[in-house]
Amino acid sequence: MKEKIEELKKLTEVEIANCKSLTDLESFRIKYLARKGSIAELFDTLKNVSPEERPVVGKALNELRSNTQRLFDERKVLLEMSVNVETKIVDLTLPGRRRWIGSLHPITQTLNEIKNIFFRMGFDVVFGPEIEDDYHNFEALNFPPDHPARDMQDTFFISENVLLRTHTSPVQIRVMETQKPPVRVIVPGRVYRNEAISARSYCLFHQVEGLYIDEGVTFSELKGTLVAFAKQFYSSSIKFRFRPSFFPFTEPSAEMDITCFLCSGKGCRVCKQSGWLEILGCGMVDPNVYKFVGYDSEKLSGYAFGMGIERITMLRYGIDDIRILFDNDVRFLKQF
Ligand code: DAH
């Protein structure tokens with residue numbers, strides 16, 4: 001019995017070295033370690049050994065079994081490693097690991113498109129401060145101190161005269177204060193309003209303002225420019241309309257609507273069954289505004305317009321909650 005154990009020990013040591021693949025190794029396992037393998041067979045014959053010898057032989061058998069198991073385990077680790085190394089080197093068809101490179105925020109994408117269209121029409125892009133004073137945000141835009149239109153724009157005040165701008169229109173004043181006419185600018189930027197936060201409104205959003213002042217600028221030029229913009233930005237086949245409106249700094253004032261591109265004008269939930277979507281406010285600059293900046297209102301005329309960016313972006317991409325635009329959740333952003 002002892003010789004047999006010794007013989008098996010040598011055999012397993014030789015054979016394990018000959019195992020060149022996982023299949024070889026499996027045959028080895030079946031031959032020696034399985035329930036009907038050579039080692040189990042020897043255990044079965046233990047009952048024939050004399051009681052005096054049994055503890056010694058039993059111990060030797062146990063050692064043989066654990067030794068063989070260790071040989072098997074070590075060989076398995078080695079073979080698995082080399083299998084992996086081989087496939088990694090050889091399998092050139094595996095797709096490479098992609099690095100995610102990030103993308104522009106959907107609001108930035110919309111802003112860029114709008115800027116590009118107006119830039120090609122000859123507008124300069126300018127910026128203004130987000131922390132404004134009452135004078136530029138309201139007074140010089142012809143909002144009298146107790147004018148109800150001030151209530152339309154729930155304002156975050158920092159002090160009595162300092163506030164977070166509620167629209168990009170104050171930059172009109174800043175441009176005219178520092179530049180001689182003609183001026184032709186667009187102003188993208190953030191604006192702030194102290195509103196109840198919901199799926200439709202947020203305390204912060206973006207606008208693009210436009211201003212064109214020169215001699216002899218007419219309302220039909222305003223219409224022509226905005227229609228050219230809308231056809232490029234939305235689609236050349238959209239229909240549009242201008243409705244009379246009111247803003248303190250323009251006279252006359254209007255709002256521009258385009259056919260709802262979600263229902264093609266048939267009427268849906270988004271356009272509130274009207275078939276139209278309001279896209280911007282505009283008008284001819286009120287002569288009162290020229291007085292504040294020292295422009296000659298007898299010689300000059302011009303137009304202004306302003307549009308919100310969030311709503312346009314939400315409509316384009318089918319986003320139904322404005323707050324998600326400000327969460328900075330990568331799972332949302334990486335779709336754009
Ligand atoms: N500032 C206006 C607002 O926030 C939008 C606006 C309307 C801007 C008419 C203009 C304009 O320049 O002419 O509601």
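Guide: Glu74 is partly exposed, with a relative accessible area of 44%; on this scale buried means under 20%, exposed means over 50%, and partly exposed is anything in between, with a 1.4 Å probe and protein chains only. Before going on, note that this is a predicted model, in which local features need pLDDT of at least 70 and side-chain atom pairs count only at pLDDT 80 or more, while totals for chains, interfaces and linings use all residues. Residues are numbered from 1 along each chain as its sequence is written, and side-chain values use heavy atoms, with hydrogens and water left out.

Back to Glu74. Its partner in a salt bridge is Arg70, and the closest N and O atoms of the pair are 3.5 Å apart. The term salt bridge stands for a side-chain nitrogen of Lys or Arg within 4 Å of a carboxyl oxygen of Asp or Glu. Side chains of opposite charge can pair when their charged atoms come close. Arg70 is partly exposed too, at 41% relative accessible area. Because Glu74 and Arg70 are 4 residues apart in helix H4, about one helical turn separates them. Helices (H or I, at least four residues) and strands (E, at least two) are DSSP runs, numbered from the N terminus.

Helix H4 covers residues 54-90 and holds another such pair, Glu63 and Lys59, again 4 residues apart and so separated by about one helical turn. The side chains of Glu63 and Lys59 meet in a salt bridge with an N to O distance of 4.0 Å. Glu63 counts as partly exposed at 46% relative accessibility, whereas Lys59 counts as exposed at 57%.

Now a pair in another part of the chain. How far apart are the closest N and O atoms of Arg241 and Asp257? They are 2.8 Å apart, in a salt bridge. Arg241 is partly exposed, with a relative accessible area of 31%, but Asp257 is buried, with a value of 2%. Salt bridges that share partners join Arg241, Arg243, Glu255 and Asp257 into one network. In the whole structure, a search finds 12 salt bridges.

Lys223, in helix H8 (residues 219-233), is 18 residues from Arg241 in sequence and 9.6 Å from it in space, C-alpha to C-alpha. Lys223 is partly exposed, at 34% relative accessible area. Strand E7 also contains Pro252, and the peptide bond leading from Glu251 to Pro252 is cis, with omega near 0°. Another cis peptide bond, with omega about 5°, joins Pro181 and Pro182. Pro182 lies in the loop between helix H7 (170-178) and strand E4 (183-192).

Lys272 has a positive phi of about 50° although it is not a glycine, and it is exposed, at 71% relative accessibility. Cys271 is buried, at 4%.

An N or O atom in the side chain of Glu209 is 2.6 Å from an oxygen atom of the ligand. For the side chain of Gln172 the corresponding distance is 3.1 Å. A polar backbone atom of Phe305 is 3.2 Å from a ligand oxygen. Taken alone, the ligand exposes 350 Å², and the protein buries 91% of that; these areas come from the Shrake-Rupley method with a 1.4 Å probe.

Key. Polar contact = N/O pair within 3.5 Å; in protein donor to acceptor, adjacent residues only side chain to side chain.
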